[in-house]
Amino acid sequence: MSAGADADADIVAEHEALIQFLYLAPVGLVQAGMDGAIAMINPISAQLLMPLAPQACLNNLFDALEGVAPELRHLCAAFAPPSGMICEGRQIVLRQDSRDRLKRGTPEVLSISLLKLDAGRLMAVIADITEQVRRERQLKHTDAWLNAILTNISDYALVGLDQDGQISAWNETIGRVTRFGPDVVGQPYSVFFPDGATTDARQFDRLREAFADGWNLEEGPRQRADGTQFWGSAMISPLPERGALKEGEPDSAYCMILRDISDKHAASASVRSATYSDHLTGVSNRRAFFDAANQELERRRVSPRATSLVVFDADHLKALNEQYGTAGGDQVLRELAALLRATFRDVDVVARMGGKQFAVLLPSTDSAGAFAFAERVRAQVTARPATLKGTTIAYTVSAGVAEMDDATSDLAALMARAEHAVRQAKLDGRNRVAGQAAPHFNPPAAPPPHAASPL
Amino acid sequence: MSAPLFSFDTPGLGPQLAAMSDAELDSLEFGVIGFDADTTVCRYNKLESTEAGLSPQRVLNQPLFTNVAPCMNNFMVAQRFEDAADQGSLLDATIDYVLTLRMRPVKVALRLIAVPGAAVRYVLVRRQK
């Protein structure tokens, strides 16, 4: 044997060892083009990706993940730097369907990291993090339970929900806290919300977030069967294993603990108000608006739905200030804010953005629906002038409507479009609504107060 | 030369594979992986070895679904063998699949064979044209 042949044999053996190293790496590795076309892929990737799209032949990473993470394609296309981490450890929730759970070992949550190597190449790392998420969920679950127990509470309702958020069983705690009887079974848990305080999409958001994070905690107005309201705190947790909350009850997918914290809410209301409310008008301030609006847009990204924004701007406020004094201008803003609060739903975020400008974010509402709300406000303003110490102050308002779409990158871009529409309304002579849907929209002759939300 | 005696699609191939010598398996025009009740690989033919780029000594006596073909460790493949074993039923099914032979996605047909009472179960691999 020559030394050369030995060296060749060594290289062959080394090559084989490297191949096996990649075959056995317990994490998915994919190299692809920026369009997702797969150049190299290891077996764990196939193990994880094949069940997602059995028809896809793993030629394209984005195609394989289209059904569970359609945003990845856009994320990569929108990543401008020549190289770098596009996303790191991004969680992809695959399923929360009990039928799929029966397939043992089927992943429920994947994590994906995408690294842009250069203009033409991506590396992806894909891992099954189901167990990790489950452990974290258990920990958070425990924490949330402890919080619920350690907080001084007088009473709570323990409500089992099925995977669609419908109440799966009645018990006496539900009767005590909400006064609903056994016929509440089968209804969605939105039955505990006053009209306009939630949307179908928001109800599913909470279930999805509870599933992904282990729990979801939210405070807000709630309504009893007799129509009286209270300030409620609701924690939703997915049940680790589907089962009955109590012996003999049907199985539940989620457990919701609903507490009446009206007393506690009143005590902390002033602190909350100082932090999140506009001092003049009492509606949300910019901080609260951006928190809530960004959260809603993030939810929209995860679960696409119509989302609209309306910007209102009081007309000629400077002139009103000169004529009636700043107290007059302030009164106009206060009454406009009150009218906005009364016209929009509880689920909408009404905020004063500064000066004479207000913004309203409308979840699960398209531009036609937003346009209708805005038009109703505009019409009511002309019909109901402000009053200050017996003086009547007539004023008008202009509004701009924009609906979120794929071409709009973020909240700032959506704001810019709505503000542009307001400027257009001003240019067109004020006291009008401009923006998306305007050309096609015919305002109803007499809009009913609180028309059904456009879901 | 005569046509090969056994093709990928030959009905009732399970018992016939069991009767073949290693040399006969090597002459087949499709990949053959045989594994026992513990999923330990006990047969690995030449074509499969060439396609995967792994010599038999790296594969034989290794657990199939964790150390040899982790890409098949899901409900589409591994689970079907488990279910057949649990129920003591015959498994002879052909599915479309993608293997990552030498890290390239390769469209294949997999034939999954488990005959109740037989010591060795088989995954057959044929490249799709």
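The model is predicted, so local features are reported at pLDDT of at least 70 and side-chain atom pairs at pLDDT 80 or more, while totals for chains, interfaces and linings use all residues. Residues are numbered from 1 along each chain as its sequence is written, and chains are lettered from A and ligands numbered from 1 in the order in which they are written.

Let me begin with the chains. Chain A contains 14 helices and 16 strands; helices here are DSSP runs of H or I with at least four residues, strands are runs of E with at least two, and both are numbered from the N terminus. Of the 455 residues in chain A, 36% are buried. A residue is called buried if 20 or more other C-beta atoms, placed from the backbone, lie within 10 Å of its own, exposed if 12 or fewer do, and partly exposed in between. Among the contacts in chain A with a separation of 6 or more, 58% join residues 24 or more positions apart; a contact requires C-beta atoms, placed from the backbone, within 7 Å.

Chain B has 6 helices and 5 strands, in the order α-α-β-β-α-α-α-α-β-β-β from the N terminus. Its 129 residues are 38% buried. In chain B, residues 24 or more positions apart provide 39% of the contacts with a separation of 6 or more.

Next, a helix pair in chain A. Two packed helices are described by the angle between their axes and the distance between the axes. The axes of α11 (residues 317-324) and α12 (residues 326-343) of chain A come within 6 Å and cross at roughly 130°. Axes are lines fitted to C-alpha atoms, for helices over the stretch in contact, with angles from 0 to 180 degrees between N-to-C directions. α11(A) and α12(A) are therefore oblique to each other, given that angles under 35 degrees count as roughly parallel, over 145 as roughly antiparallel, 65 to 115 as roughly perpendicular and the rest as oblique. From α11(A), the contact uses Leu317(A), Leu320(A), Asn321(A), Gln323(A) and Tyr324(A); from α12(A), Thr326(A), Gly328(A), Gly329(A) and Val332(A). These residues divide into 4 nonpolar, 5 polar and no charged.

Helix α14 (residues 411-427) of chain A has 17 residues and spans 24 Å from its first C-alpha to its last, close to the expected 24 Å; the expected span is 1.5 Å times one less than the number of residues. Its buried residues are Leu414(A), Met415(A), Arg417(A), Ala418(A), Ala421(A), Val422(A) and Ala425(A). Just after α14(A), Gly429(A) takes a positive phi of about 120°.

Finally, some residues of chain B. Most residues other than glycine have a negative phi. Thr39(B), in the loop between β1 (31-35) and β2 (41-44), has a positive phi of about 70°. Thr39(B) is partly exposed, with 19 C-beta neighbours inside 10 Å. Asn61(B) also has a positive phi of about 70°, and lies in the loop between α4 (56-59) and α5 (64-68). Asn61(B) is exposed, with 12 other C-beta atoms within 10 Å.

Leaving aside neighbours within four places in sequence, Ser89(B) is in contact with Ala84(B) and Pro116(B).

Notes. Contact = placed C-beta atoms within 7 Å. Nonpolar A, V, L, I, M, F, W, Y, C, P; charged D, E, K, R; others polar.
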